[in-house]
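Take a walk through this structure, one part at a time.

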Amino acid sequence: MSAVRRRMKRDAFEAGPVAPAGAAPFQRAAPAPPAILERNCSVARTVRILSDAWAFLIIREAFFGARRFETFRAALGLPRATLTERLRMLTRAGIFHQAPASGSAKRLEYRLTREGLDLYPSFIALMQFGDRWLAGAAGPPLRLVHSCGCESRPFVGCSACSEAITAGEVTYRDGPGAGKAPVDPARRSRRASDPAQFERGRPSSVSRALQIIGDRWSFLVIREAFFGGRRFDRLQAELNIAPNILTDRLARLLGSRVLERRKYQDAPERFEYRLTGIGRDLYGPMITMMAWGDRWLARGKPPLVLTHARCGRDFTPLVLCDGCRRPIDSRSMKYRMCYDPGAFGEPEEEGATAPGRL
Ligand SMILES: [Zn+2]
Ligand SMILES: [Zn+2]
């Protein structure tokens, strides 16, 4: 990839374009704030893309086969200007490319690039998390069938031994890209997408998962919890976060049962915040997104190297089919919808990038 393209990729998500009406607003901070350092993190780089609700929804519809502007529009009901702007941003970022539509040399359509298609395992890992914890009485919206023929419940596994990964069995050390880098103040102050925006369109376990971790600060608090950050002061110092924002995000994460509060001292009373079973289960989706960020955004220098304690080897997280234990991708998976697709502007196009419908 050329230096120019790389620069554009970064700019596409970090500079924060002017948002048209109806879009998630991007705010610029007042000029010349002091430089704030942030841990280099491939998950953060990936979450930065997916935490923009519109960008996420557009990529999701592409996995359902949408390629044309009007198909995206029908499925999501976005204002034209917003959709145009986000498609442009995602194309600049290398997630989509434009190609002539089949049967019409004049009309262009949006197709996922290899990089975009490679987001599929992250979507599936988030979907499985949402299915397990957030599906509610209606149950999971989709059922997956793998090319091996089994109804699949994919899991995040170890590339060395193919066993399922849990947070407690992984150790980590600094990789070649470890360290901290200054944060662009514009990015820091960008207002998060309203969590309700993720619910637009079809019912989706990925959307439900992103409502929890798609907010930048919530995500960072969860990440620090995986690094052992439990106490207010440490979280505040590590993240350079305003106390009122930290209080708010901790309350949200307690509300969604990702964290629980435990008293660790009586006089004065002090509490710490620990990951619950739900919170620990976010580990799989997080390291899957990390692997994507390592592959596409880390310039060959992953900030973190993971070791699987069970097999003793360094590994890359893979999303594996629980039937055949092979890695899944968008071409090897079909799905069955457990809802009425007509109610959500289901695209008619069937593309090579779409998991075939049953
Ligand atoms: Zn292993
Ligand atoms: Zn399989």
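Two strands pair if DSSP finds at least two bridges between them. Helices (H or I, at least four residues) and strands (E, at least two) are DSSP runs, numbered from the N terminus. With these terms, look at the open sheet of three strands in the order 7-11-12, where the pairing is antiparallel. Strand 7 (170-174) and strand 12 (313-315) are its edges, and each pairs on one side only. From one strand to the next, the twist averages 40°; axes are lines fitted to C-alpha atoms, for helices over the stretch in contact, and angles run from 0 to 180 degrees between N-to-C directions. Strand 7 and strand 11 (residues 304-308) run antiparallel and are joined by five bridges. Aspartate 174 has leucine 304 of strand 11 as its bridge partner.

This is a predicted model: local features need pLDDT of at least 70, side-chain atom pairs count only at pLDDT 80 or more, and totals for chains, interfaces and linings use all residues. Residues are numbered from 1 along each chain as its sequence is written, while chains are lettered from A and ligands numbered from 1 in the order in which they are written.

Step back to the whole chain. Its secondary structure comes to 14 helices and 14 strands. Of its 358 residues, 39% are buried. A residue is buried if 20 or more other C-beta atoms lie within 10 Å of its own, exposed if 12 or fewer, and partly exposed in between, with C-beta atoms placed from the backbone. Two residues are in contact if their C-beta atoms, placed from the backbone, lie within 7 Å. Among contacts between residues at least 6 apart in sequence, 72% join residues at least 24 apart.

Another open sheet has three strands in the order 5-4-14, again with antiparallel pairing. Here strand 5 (151-152) and strand 14 (333-337) are the edge strands, each pairing on one side only. Five bridges link strand 14 to strand 4 (residues 142-146) in the antiparallel sense. Arginine 143 stands opposite arginine 336 in strand 14.

Now turn to strand 13 (residues 317-320), which is covered on both faces. Pro317 and Val319 are buried on one side, Leu318 and Leu320 on the other. In a regular strand the side chains alternate between the two faces of the sheet. Strand 6 (residues 155-158) runs antiparallel to strand 13, and four bridges join the two. Phenylalanine 155 has leucine 320 as its bridge partner.

The helices come next. Helix 5 (residues 80-92) has 13 residues and reaches 18 Å from first C-alpha to last, close to the expected 18 Å. The expected span is 1.5 Å times one less than the number of residues. Which residues of helix 5 are buried? They are Leu83, Arg86, Leu87, Met89 and Leu90. They lie on the same side of helix 5 because they cover an arc of only 160° around the axis, the arc being that of the directions from the helix axis to the C-beta atoms. Glycine 94 follows helix 5, with a positive phi near 85°.

Helix 7 (residues 120-134) has 13 of its 15 residues buried, so it is largely enclosed by the rest of the structure. Glycine 136 follows helix 7, and its phi is positive, near 70°.

Finish inside helix 7, at leucine 126. Leucine 126 counts as buried because it has 28 C-beta neighbours inside 10 Å. Leaving aside neighbours within four places in sequence, leucine 126 is in contact with Val206, Ala209, Leu210 and Pro285. Threonine 288 is 162 residues from leucine 126 in sequence, yet their C-alpha atoms are 9.0 Å apart.
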